[in-house]
Amino acid sequence: MPLPHPTLPPLAGLESARLDWQCDDTGESAPRSTRFDDVYFSRHDGRAETEHVFVQGNALPRRFAAWTARRPFVIGETGFGTGLNMLCAWACFDAHAPAEARLHLVSTERYPLRREDLARALAAWPDLAPRAERLLCQWPPPVAGVHRLWLDDRVTLDLHFGDAAERLALLEGQVDAWFLDGFAPAKNPEMWRAELFVAMAARSRPGATFATFTCAGVVKRGLAEAGFAWRKVPGFGRKREMLAGEIASPPADTRREQTPWFSPPPARPPRHVAVIGAGIAGASTAAALARRGVAVTLIDRFDRAELGTTHLQGALYVKLAVETNLQSRAYLSGLLYSRRWLEQLDPGQSLWRPSGVLQLALNEKERTRQARFLTNHPLPESVVRGLDADAASDAAGILIDATALDYPEAAWIRPLELCVRLARTPGVDFRRGEVTALHGSDSGWTLTLANGERIDADQVVVAAASEAAGFDQTSALPLQPVRGQVSQLTLPEEAPALGRVICAGGYVPPAADGMLNFGATFGPGDTDMAEREADHAANLAELERGLPHFVAALRQAGADLSPQRLTARVGVRAASPDKSPYCGPVPDVEAWREDYAVLAKDATRVPAIAGRHHTGLWISAAHGSRGMASAPLCAELIASRICDEPLPLEWPLVDHLHPGRRIVRDLVQGK
């Protein structure tokens with residue numbers, strides 16, 4: 001019996017806002033929606049209205065100044081529009097909040113503006129230009145879902161693209177203050193429906209406030225029926241009145257009544273977290289926590305900084321399913337997040353290149369699969385597009401005989417150097433050592449190292465790839481080691497150059513530093529780290545199968561393609577049985593087997609028992625060959641959960657990645 005989850009719409013692009021630019025009474029132009037026949041703001045007094053209605057209407061200057069909680073203050077908004085409200089809230093936060101405070105902005109938008117329209121709209125306020133630029137340089141493509149942007153070290157913005165009520169129903173997080181915005185109820189009645197107010201109430205913290213420009217009856221009734229107390233207060237300009245209010249006791253979250261095992265453990269924002277494993281999963285988690293002011297001890301048996309130049313390259317890529325599923329949704333979100341994350345982390349591109357990725361269709365089965373994917377998922381061409389052989393050849397810079405999917409947002413990365421950079425994030429203390437045991441107590445965790453040293457931490461994240469199941473608390477999580485060997489070829493000066501990462505049976509990125517990486521082999525259950533000539537031969541055969549003209553050009557340029565002349569990088573990845581990562585709290589497996597034993601007899605008899613977890617113990621593992629697309633977003637998910645923030649994925653995707661999912665499935669199947 002499959003685990004229940006809500007039905008989500010297909011992966012697809014969203015329609016962008018349709019605008020014209022009309023002159024207001026000052027002669028200046030302001031954006032107007034042609035769909036709703038309404039303005040986004042008055043260029044003459046739009047900012048003043050935002051300050052009055054939303055900033056002052058929620059008493060933000062006073063609340064920011066008094067904010068001492070270790071979690072961020074969270075603002076939720078219905079209708080991002082031009083982003084003016086969020087930028088004004090950010091400016092108010094900077095002016096009034098203590099230096100250690102953090103702000104988290106959550107905003108929905110059904111019809112995102114194009115970047116050029118957004119830039120034109122925000123140009124009306126030059127003093128907001130630095131903030132507007134941070135928004136514009138990270139502006140995501142119009143794809144339904146959650147898009148996390150780092151506005152600065154203290155301010156995060158989660159853009160939820162899609163219908164406001166639907167997006168808030170999928171939000172995993174709680175809000176302190178609501179900006180109830182959008183086009184007027186008479187212009188856009190679809191947004192101002194009962195489901196919106198119900199979702200707002202369910203995502204509110206006790207005492208959460210709201211403010212809105214409208215006093216329409218449908219709004220007052222919807223707010224009251226959802227549990228909000230409202231009152232009329234003086235409006236702005238010619239609007240005599242507006243609404244403000246609060247909700248004292250939000251309703252309980254009932255979304256996991258049928259899957260209580262996924263109920264999240266209570267948040268306990270820590271002072272110190274130990275992260276086991278300094279690969280991409282562990283290093284990105286350590287950096288994510290350190291950005292939030294958490295002291296991190298990062299522990300690994302190997303110090304990657306000692307390896308020097310490895311010339312190893314990894315691919316930031318995904319392979320999405322023909323039919324919409326939760327795994328593809330998570331990976332697409334991860335791809336888009338990783339691209340923004342890399343641009344902010346390394347704008348000089350010393351650790352990566354925005355090369356894009358071509359996925360070749362080398363046979364009829366794959367051609368059919370790709371054609372069906374494009375039909376089922378009308379995503380923006382800036383995210384993925386289909387290419388015929390000629391267009392694929394132009395993109396790759398070499399002759400290609402196959403059609404392909406082109407992912408312009410994909411890239412190649414120097415993985416070891418990236419991990420070293422992350423491990424040097426301020427607030428991260430790297431320790432070389434092997435953790436052999438974990439012991440939990442009411443006060444936190446004690447980690448025992450192979451040399452007898454002990455490290456105490458409030459919480460622990462296990463991110464040790466194929467070794468992540470090596471502790472008593474994680475041993476029941478099914479993890480399979482997978483050996484992979486990448487071959488490396490030193491290129492002659494006249495060698496042809498690739499313009500894209502090329503993926504088929506293996507992958508090959510554009511050469512870097514005169515070295516071509518290609519592979520990798522796939523050896524489930526194999527942990528041998530020795531270089532194998534047979535694997536070089538297999539990688540060469542796969543390279544020639546996918547790119548015969550490229551291999552011929554390499555030989556013509558004088559490249560020696562004999563297996564004996566190649567060098568290798570060997571690694572052992574980890575995979576889960578369903579090929580999705582494990583990301584979240586570590587379940588108390590024995591407790592789950594006891595609490596949910598009845599599922600083995602009747603899967604419809606779901607006990608009303610919240611899942612028990614090892615308090616303060618987390619895992620990020622099983623990222624397999626697509627870790628560059630999954631690990632950075634999983635790092636954000638774990639850091640957000642630990643630090644009591646809204647999460648960067650919809651709650652069904654959070655549950656899809658939960659480390660306990662296989663435990664429940666095995667119970668249901670009687671295993």
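## Stop one: a strand residue

Select T156, which sits in strand 7 (residues 155-161). This is a predicted model. Is T156 buried or exposed? T156 counts as buried, because its relative accessibility is 5% and the cut-off for buried is under 20%. Now show its surroundings. Neighbours within four places in sequence aside, T156 touches L103, H104, L105, R148, L149 and W150.

## Stop two: a network of charges

Pick R102, R148, D158, R291, R292, E636 and E645 together. Salt bridges link these residues into a network. Side chains of opposite charge can pair when their charged atoms come close. Across the model, the count comes to 54 salt bridges.

Begin with R32 and D37. Their salt bridge has its closest N and O atoms 2.5 Å apart. R32 is buried, at 17% relative accessible area. D37 is partly exposed, at 41%.

Next, select R432 and E306. Their side chains form a salt bridge, 2.7 Å from N to O. Where do R432 and E306 lie? R432 is in strand 20 (residues 428-432), and E306 is in the loop between strand 13 (295-300) and strand 14 (314-316). The pair therefore ties together parts that are 126 residues apart in sequence. E306 counts as exposed, with 55% relative accessibility.

Then pick E323 and R372. A salt bridge joins their side chains, at 2.8 Å from N to O. This pair, too, links distant parts of the chain, 49 residues apart. E323 is in the loop between strand 14 and helix 10 (326-345), while R372 belongs to helix 11 (residues 364-376). E323 is partly exposed, with a relative accessible area of 46%. R372 is also partly exposed, at 42%.

## Stop four: a buried arginine

Move to R63, in helix 2 (residues 60-65). R63 is buried, yet has no salt bridge. Which side chain of opposite charge is nearest to R63? It is D176, 5.3 Å away. A salt bridge needs a nitrogen-to-oxygen distance within 4 Å. Show the contacts of R63 next. Setting aside neighbours within four places in sequence, they are N58, F73, D176, A177 and T209.

## Stop five: an enclosed helix

Select helix 13, residues 415-423. Seven of its nine residues are buried, so the helix is largely enclosed by the rest of the structure. Colour the buried ones: P415, L416, L418, C419, V420, L422 and A423.

## Stop six: a pocket

Finish with open space. Rolling a probe the size of a water molecule over the atoms shows where empty space is left. Go to the second largest pocket, with a volume of about 1200 Å³. To find its centre, select D38, V39, Y40, F41 and G182, the lining residues that lie nearest to it. By class, 18 are nonpolar, 15 polar and 14 charged.

Which element gives the most to this lining? Helix 1 does, with five residues. Elements that each supply at least two residues include strand 1 (19-23), strand 2 (29-33), strand 3 (38-39) and helix 1 (46-56). Helix 3 (84-96) and strand 5 (103-109) also each supply at least two.

Terms used
Residues numbered from 1 in each chain as written. Predicted model: local features only at pLDDT ≥ 70, side-chain atom pairs only at ≥ 80, totals over all residues. Heavy atoms only, no water. 1 Å grid on protein atoms, 1.4 Å probe; cavity = no way out; pocket = protein on both sides within 12 Å on 5 of 7 lines; lining within 4 Å. Points joined across faces, edges and corners; volume = space filled by probe spheres on them. Helix = DSSP H or I, 4+ residues; strand = E, 2+ residues; numbered from the N terminus. Nonpolar A, V, L, I, M, F, W, Y, C, P; charged D, E, K, R; others polar. Buried < 20%, exposed > 50% of the residue type's maximum accessible area, 1.4 Å probe, protein only. Lys, Arg positive; Asp, Glu negative; His and termini not counted. Contact = heavy atoms within 4.5 Å.
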